[in-house]
2 protein chains.
Amino acid sequence: MAATKGERIALIGVGTIGMSMAALHLARENTIVDVFDTRPDLEEYLLRTLPNYLSDGSSLGSDDSSPTSSSVVSLLSSGRLHIHTSLESACASATIIQEQGPENLAFKRSLWAQVESIADPSAHLWTSTSGIAASAQQSEMRDKTRLLVVHPFNPPHIMPLLEIVPSPATAPERVDFARKYFSVPGSRHRPVVIKKEIPGFVGNRLAFALLREACYLVQQDVVTAKDLDTILMASLGPRWAGNGVFESYQQGGGEGGIGAFLEKLGGTMQEVWDGLGEINVLGNEEWKEKVISQTNEAYGTFTPEKIKKKEERLKDFVKIQEKQYDITI
Amino acid sequence: MAATKGERIALIGVGTIGMSMAALHLARENTIVDVFDTRPDLEEYLLRTLPNYLSDGSSLGSDDSSPTSSSVVSLLSSGRLHIHTSLESACASATIIQEQGPENLAFKRSLWAQVESIADPSAHLWTSTSGIAASAQQSEMRDKTRLLVVHPFNPPHIMPLLEIVPSPATAPERVDFARKYFSVPGSRHRPVVIKKEIPGFVGNRLAFALLREACYLVQQDVVTAKDLDTILMASLGPRWAGNGVFESYQQGGGEGGIGAFLEKLGGTMQEVWDGLGEINVLGNEEWKEKVISQTNEAYGTFTPEKIKKKEERLKDFVKIQEKQYDITI
């Protein structure tokens with residue numbers, strides 16, 4: 001691994017995403033992580049929770065080790081991890097400041113105005129938001145060239161994707177820096193720059209487009225929620241884990257590629273597109289009761305043990321991608 | 001493996017899907033496969049092509065063996081595989097008749113009328129169509145209770161999904177038989193019964209819903225085709241290989257499950273749903289040129305070597321599912 005050149009990352013807010021991000025950053029050899037959160041039991045919480053993330057922090061470490069709270073103690077004593085009770089001290093020496101706070105526009109605007117007044121003017125400012133564009137968050141900042149979205153997929157210490165979404169005012173070199181930071185050779189992470197701000201960015205737009213049709217098909221009693229999940233896992237999931245959607249149809253079209261595919265399947269495709277369900281999610285929509293009850297019945301509550309097993313399997317899928325990510329023959 | 005009870009399958013049409021289906025059926029211990037196709041070089045074609053599918057025919061066989069044309073010769077000499085030059089002889093002793101002919105309504109209607117006049121009245125009639133419902137295909141049949149769709153995903157000898165789609169007239173016991181046939185313990189295949197006929201069935205409706213938004217995002221220059229594929233492979237692909245979409249959001253909602261998730265993300269989701277791209281595929285749509293040229297540039301033509309490598313990886317993903325398919329703790 002090429003060593004990261006001494007970045008010092010202040011993490012504002014360490015819920016589930018923040019904790020996973022801490023593990024991601026600490027998996028780099030040459031980083032220092034400063035953690036700030038308003039919860040009063042921050043140190044006890046880190047000692048208890050962070051070890052669950054550290055073994056998965058990167059493809060670079062051994063996945064067989066099982067870190068305990070002593071790993072966190074040693075990170076603290078070696079000066080690689082610092083716990084802060086004020087925003088000021090957390091940001092004081094940071095080269096990157098990344099927030100995972102509440103998804104609330106007023107909170108984020110106020111946070112960035114504060115950060116701007118205390119942080120080094122060269123520090124990179126990243127928000128892990130899934131829904132609030134950088135251009136909305138930065139309205140109260142004097143310098144609007146520094147902030148951009150770094151949207152991870154849950155859990156970020158395992159899931160390779162980071163959507164980097166600049167505002168129109170973000171400086172191109174800030175975008176480059178973020179992309180390069182996550183592109184360290186040997187890392188499983190794959191940053192992608194989104195060229196325009198758009199609600200849901202790209203990953204969630206694709207997911208929500210599929211989800212809407214999935215909910216519609218359950219509403220229409222075409223299939224149960226559980227059977228729809230089986231269909232997805234038994235076909236599109238593994239296909240899209242190995243090939244993107246455009247690459248899949250390039251292959252599906254044979255010698256003529258995706259052009260031939262669109263030609264051949266165009267009739268069915270248009271019929272499907274014209275008939276896609278157009279349901280709403282806000283309000284007391286009738287389909288929600290059906291989807292929620294069928295999903296609860298199928299899966300119940302996720303226990304920590306089940307989540308752990310699911311994450312182990314997710315890691316297995318990602319490892320296969322690492323082994324043969326770029327098939328270009 | 002529980003032995004299949006002496007089913008004898010007539011395969012009408014052996015293009016790519018038919019060949020893959022032949023391998024799937026032959027992977028069962030106790031089956032006989034009768035192949036009929038109008039191509040004049042049928043025997044030479046089977047000897048050359050079928051070996052590529054046989055090693056992957058089932059999770060039951062060894063994946064390390066590399067069958068050659070001698071495997072096909074031995075299947076022929078042992079009487080497990082028969083080549084026919086007439087529909088009549090192919091169907092004469094069949095307990096299952098499965099067609100993979102052209103996606104053309106007139107062809108299929110005429111085929112089933114012929115089959116009905118020559119096959120045993122108890123034989124099960126399956127169509128591998130991706131787009132023409134059984135109720136449309138059976139209009140010229142006297143007995144409309146026997147035909148149903150068995151829609152595989154490409155390539156069926158690897159991909160676990162089979163969508164079983166009866167017409168309203170199909171007898172429930174015919175549906176049960178097909179579901180059980182593909183549910184042999186130890187098989188990687190996962191049949192799912194679709195309760196109502198609908199264009200695209202379920203798998204392709206979900207795929208096309210996502211594809212429409214993918215094309216729209218490329219049209220809008222939010223992202224390139226290649227970057228969109230990276231996003232999908234780095235997030236939703238591996239997620240949906242491990243969890244269905246409803247299960248994912250059940251997990252994502254924490255203790256409150258998918259209900260809490262819809263509550264929390266409802267605002268962003270509605271904004272995304274309201275803004276999903278509504279493009280068309282028929283005709284000279286402007287987006288098609290952009291999608292086709294970006295996809296061609298990113299991936300070029302698929303060589304047999306590249307397809308083989310992609311299929312190897314697909315098999316790896318499916319194997320992980322087999323290992324830990326049902327996590328119910």
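Six residues in domain 2 of chain A are in contact with five residues in domain 3 of chain A. Keep in mind as you look that this is a predicted model.

To find these parts, select 206-234 + 284-328 of chain A for domain 2, and 243-279 for domain 3. The rest of the division is domain 1, covering 7-56 + 66-200. The C-alpha centres of domains 2 and 3 of chain A are 22 Å apart.

Between them, domain 2 and domain 3 of chain A bury about 540 Å², with 62% of that on carbon and sulfur atoms. Now show the side chains of A:Arg212, A:Glu213 and A:Tyr216: these lose the most area on the domain 2 side, together 76% of what that side buries.

By class, the domain 2 side has three nonpolar, one polar and two charged residues.

## Stop two: chain A against chain B

Next, display both chains. Here 110 residues of chain A are in contact with 110 residues of chain B, and the buried area is about 11400 Å², 70% of it from carbon and sulfur atoms.

Five salt bridges cross between chain A and chain B. To see a salt bridge, select B:Glu247 and A:Lys310, whose closest N and O atoms are 2.8 Å apart. Colour the chain A side by class and you will have 60 nonpolar, 27 polar and 23 charged residues.

Note on methods. Residues numbered from 1 in each chain as written. Chains lettered and ligands numbered in written order. Predicted model: local features only at pLDDT ≥ 70, side-chain atom pairs only at ≥ 80, totals over all residues. Heavy atoms only, no water. Contact = heavy atoms within 4.5 Å. Buried area = accessible area lost by both parts, 1.4 Å probe. Salt bridge = Lys/Arg side-chain N within 4 Å of Asp/Glu carboxyl O. Nonpolar A, V, L, I, M, F, W, Y, C, P; charged D, E, K, R; others polar. Domains from an automatic or database assignment.
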